[in-house]
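The following exercises concern a two-chain model and come with worked solutions. Please examine the sequence and the coordinates before reading on.

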Amino acid sequence: MRLASSGFGSAGADKPSKGGLFKLGDLSEFPIKYRLFLKTYPWRRIDPVPWVPLQKPLKDCRLTLISSSGFITADQAPFDKSIRGGDYSFREIPSDIDVAGLIDTHRSDIFDHSGIRKDPNLAFPISRMRELKKKGRIGSLNHRHLSFMGSITAPGRLIKKTVPAVLKLLKDDGVDVAMLIPV
Amino acid sequence: MGLVAAELERQGISTVAIQLLRKVAEKVRPPRALVVPFRHGYPLDAPEDPARQHAVIEAAFKMLEDHRLQPPAIVDYEPNEEK
């Protein structure tokens with residue numbers, strides 16, 4: 001199996017790790033303080049792991065995007081970078097948004113923002129989803145999608161306060177499938 | 001994102017999550033994770049390259065459609081160099 005890509009996203013493209021390859025799960029792209037944090041962070045383990053098989057073909061499913069890239073629209077308040085543990089709120093992104101109008105407000109400085117600023121589809125692929133809907137690969141796009149700001153180190157409020165509201169929206173909308181994209 | 005995915009599945013919504021770090025996926029165990037070999041900031045590979053973005057999305061869709069997978073399903077994405 002190949003472990004490297006020549007694409008933009010490959011760390012080997014401009015910051016080769018040992019051997020010129022970017023290994024899956026490699027933390028070498030980060031400064032040492034972030035590597036230590038990620039290695040020692042007490043990740044919450046999902047147990048048991050819930051599992052919902054597709055109930056119908058994708059061509060008949062309604063899909064929503066959920067991105068943690070911190071995108072907002074021009075008329076929305078930015079995510080609050082001052083909240084300790086991370087801003088656990090979300091923004092609704094309308095499905096007919098002009099993707100060029102999405103604004104990156106992610107607080108993290110440990111990743112290169114230039115790609116998602118050049119093309120927000122890189123982390124919020126609404127244009128790609130419209131194309132897939134047109135081709136009939138998916139049944140429909142939900143009328144709203146959800147944007148979070150990642151780097152939430154204290155996810156308790158996210159799970160207890162935000163997710164129930166999100167679930168209600170998506171259940172009311174009749175969403176069958178969610179694709180989640182980090183940044 | 002894995003925690004959010006799990007809550008959605010508990011309420012009957014099928015999910016697939018792109019994951020940038022395999023070790024995190026193995027620790028958190030989202031229901032379906034497609035691990036991509038890209039830098040943070042580039043979850044769908046390349047900006048302004050619909051073909052590469054579609055390739056990642058299609059791999060994620062294939063996970064949703066693969067009824068042989070068992071939870072937690074963690075699959076490594078292999079980019080096609082010819083794209």
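**Exercise 1. Determine what share of chain B is buried, and describe the fold of that chain.**

Solution. Buried residues account for 59% of the 83 residues of chain B; a residue is buried if 20 or more other C-beta atoms lie within 10 Å of its own, exposed if 12 or fewer, and partly exposed in between, with C-beta atoms placed from the backbone. The model is predicted: local features need pLDDT of at least 70, side-chain atom pairs count only at pLDDT 80 or more, and totals for chains, interfaces and linings use all residues. Residues are numbered from 1 along each chain as its sequence is written, and chains are lettered from A and ligands numbered from 1 in the order in which they are written.

Next, take the secondary structure, in which helices (H or I, at least four residues) and strands (E, at least two) are DSSP runs numbered from the N terminus. Chain B has three helices and three strands, arranged from the N terminus as α-β-α-β-α-β. Its radius of gyration is 13 Å, close to the 12 Å that the globule rule gives for 83 residues, so chain B is as compact as a globular protein of that length. Here the radius is taken over C-alpha atoms, and the rule is 2.2 Å times the number of residues to the power 0.38. The C-alpha trace of chain B spans about 35 × 25 × 20 Å along its principal axes.

**Exercise 2. Describe chain A, and state where pLDDT stays under 50.**

Solution. Chain A contains four helices and seven strands, in the order α-β-β-β-β-α-α-β-β-α-β. Of its 183 residues, 37% are buried. An automatic or database domain assignment divides the chain into domain 1 (14-40) and domain 2 (58-181), and the C-alpha centres of these two domains lie 26 Å apart.

Confidence is then read from pLDDT, the predictor's confidence in each residue, from 0 to 100. The mean for chain A is 84, with 86% of its residues at 70 or more. Over residues 1-24 of chain A, pLDDT stays under 50.

**Exercise 3. Characterise the side of chain A that touches chain B.**

Solution. Begin with the contacts, defined by C-beta atoms, placed from the backbone, that lie within 7 Å. In these terms, 56 residues of chain A are in contact with 57 residues of chain B. Helix 2 (114-118), helix 4 (156-173) and strand 7 (177-181) of chain A each supply at least two residues of this side. Its composition is 35 nonpolar, ten polar and eleven charged residues; Ala, Val, Leu, Ile, Met, Phe, Trp, Tyr, Cys and Pro count as nonpolar, Asp, Glu, Lys and Arg as charged, and the others, Gly among them, as polar.

Strand pairing, which requires at least two DSSP bridges, also links the chains: strand 7 of chain A and strand 1 (residues 14-19) of chain B pair in the parallel sense over four bridges. Within this pairing, A:Leu180 stands opposite B:Ala17.

**Exercise 4. Is A:Met179 buried or exposed, and which residues does A:Met179 contact?**

Solution. A:Met179 belongs to strand 7 of chain A. This residue is buried, because 25 other C-beta atoms lie within 10 Å. Apart from neighbours within four places in sequence, its contacts are A:Leu63, A:Leu65, B:Val16 and B:Ala60.

**Exercise 5. Identify what the buried residues of helix 1 of chain B pack against.**

Solution. Helix 1 (residues 2-10) of chain B has buried residues including B:Val4, B:Ala5 and B:Leu8. The buried residues of this helix pack against strand 1 (62-67), helix 4 and strand 7 of chain A, together with strand 1 and helix 2 (22-28) of chain B. After the helix comes B:Gly12, with a positive phi near 95 degrees.

How values were computed: Two residues are in contact if their C-beta atoms, placed from the backbone, lie within 7 Å.
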